[in-house]
Amino acid sequence: MLVLGIESSCDETAAAIVDDTGRVRSDIVHSQVQVHAPYGGVVPELASRDHMRNVGPVVLASLRSAGISLADIDGIAVTQRPGLVGALLVGVQAAKGLAWATGKPLVGVDHLIGHMLAVFLRRGDGGDVPRPRFPFICLLASGGHTAVYRVTGPFAEGIVELGATRDDAAGEAFDKVAKLLGLGYPGGPAIERLAKTGDPSKVRLKAPMASGESLEMSFSGIKTQVAQLFAQGGEKKSEADVCNACAAFQAAVTTTLAQKATRAAFREGVEDIVLSGGVAANGELRRRVSELGAARGVRVHAPPSVSCTDNAAMIAYAGAQLLKRGDRDGWDMAAHGDTLLQGRTRKGRGRR
């Protein structure tokens, strides 16, 4: 089964051709980083307009790269939720038009489930990479979502949230701290780059919600700690100070994420942890989870970075599983800002 996937939930316009085994035939991503960089974050209206300009060319490029035509695909999958509704609408309407014109079945995909299943993608010659076994623990950390899930199957009814952030997502915190430090957008890669030459022991930051057995998280406070640190004294901080702050911030966030994921695996009695979402491309996070996982006898699966960031290949694969099950969506399929997955973490402060 060959599926065309379309992704437009935020600031990437993407299209891909993937078969139901996870083999990626093509994966085209048009990034909007240059569009949003002057503003230090994603501007929804600009994102929607850029998706409209590029969704057609990106779909055509994915077909050309795979060496096929629309007649050769067996179905169309599109990100339906969650995300910026205006941006989602562009992909959803494009997918509907293609499905209507070709008579191919259409299915909407939850973006978060796509991230969780990205570990099953096979790119290039990576056919022998071990796959996780259901059930597994998934640490999903991105710019808009951060949570730990128990995943017993590839569908929404088999996914349970064990704990999530009460406020900022991890990627959101990276972007905000980078903006505070004048590092530009996106913040994650910039902080990771500078952290390599910094000394985390030079900056005292309190790890967010590190104690106790809770799987909930909070990243707003550590952002405030960095802001207060650089507001003290009033003098301009040196490059070494910035690098040290990046190293300390990255160490605190990745340590917390790694501890939550491995704690969840131990508590749930599962043997596999999957890293997903854009923050999962962070090398320090991968290292910490792998070390803690090895100490507890847990296998850690970290997809290549291209599979962690937003892409249409994961949407096509998740859609292929739905299509194989017989799921279909009609012309009334709508874009939604929220996820299908049931949350259990209440946002905001206070004891739980």
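**Cysteines, salt bridges and helix packing in a predicted model**

Cys308 is buried, with a relative accessible area of 1%. The structure is a predicted model. The cysteine sulfur closest to that of Cys308 belongs to Cys138, at 9.9 Å, which is too far for a bond. A disulfide would need the two sulfur atoms within 2.5 Å. The count of disulfides is zero. Cys10 is partly exposed, with a relative accessible area of 22%, whereas Cys308 is buried at 1%.

Salt bridges are present in the model, and their count is 20. Side chains of opposite charge can pair when their charged atoms come close. Arg133 sits in the loop between α4 (111-117) and β6 (136-141), and Glu271 in the loop between α8 (239-268) and β9 (272-276), so the bridge ties together parts that are 138 residues apart in sequence. Arg133 is partly exposed at 46% relative accessible area, and Glu271 is partly exposed at 43%. The pair belongs to a network of salt bridges that links Arg133, Glu271, Asp272 and Arg299.

A second bridge pairs Glu216 with Arg166, at 2.8 Å from N to O. This pair also links distant parts of the chain, 50 residues apart. Glu216 lies in the loop between α6 (187-195) and α7 (220-231). Arg166 lies in the loop between β8 (159-164) and α5 (170-180). Glu216 and Arg166 are both buried, in contrast to the partly exposed Arg133 and Glu271.

Lys176 and Glu172 meet at 3.0 Å, N to O. The two residues are four apart in helix α5, and therefore about one helical turn separates them. Lys176 is partly exposed, with a relative accessibility of 31%. Glu172 is likewise partly exposed, at 25%.

Helix α5 also packs against another helix. Two packed helices are described by the angle between their axes and the distance between the axes. The axes of α5 and α8 come within 12 Å and cross at roughly 175 degrees. Angles over 145 degrees count as roughly antiparallel. The two helices are therefore roughly antiparallel to each other. On the α5 side, the contact is made by Ala170, Ala173, Phe174 and Val177. On the α8 side, Phe249, Gln250, Val253 and Leu257 take part. Seven residues of this contact are nonpolar, one is polar and none is charged. Gln250 is the polar one.

Two cis peptide bonds were also examined. One joins Arg81 and Pro82, with omega at about -25 degrees. Pro82 is placed in the loop between β4 (75-81) and α3 (85-102). The other joins Phe134 and Pro135, where omega is about -5 degrees. Pro135 is found in the loop between α4 and β6. Arg133, the partner of Glu271, lies in that loop as well.

Definitions and conventions: Residues numbered from 1 in each chain as written. Predicted model: local features only at pLDDT ≥ 70, side-chain atom pairs only at ≥ 80, totals over all residues. Heavy atoms only, no water. Salt bridge = Lys/Arg side-chain N within 4 Å of Asp/Glu carboxyl O. Buried < 20%, exposed > 50% of the residue type's maximum accessible area, 1.4 Å probe, protein only. Axes fitted to C-alpha atoms, helices over the stretch in contact; angles between N-to-C directions. Parallel < 35°, antiparallel > 145°, perpendicular 65-115°, else oblique. Contact = heavy atoms within 4.5 Å.
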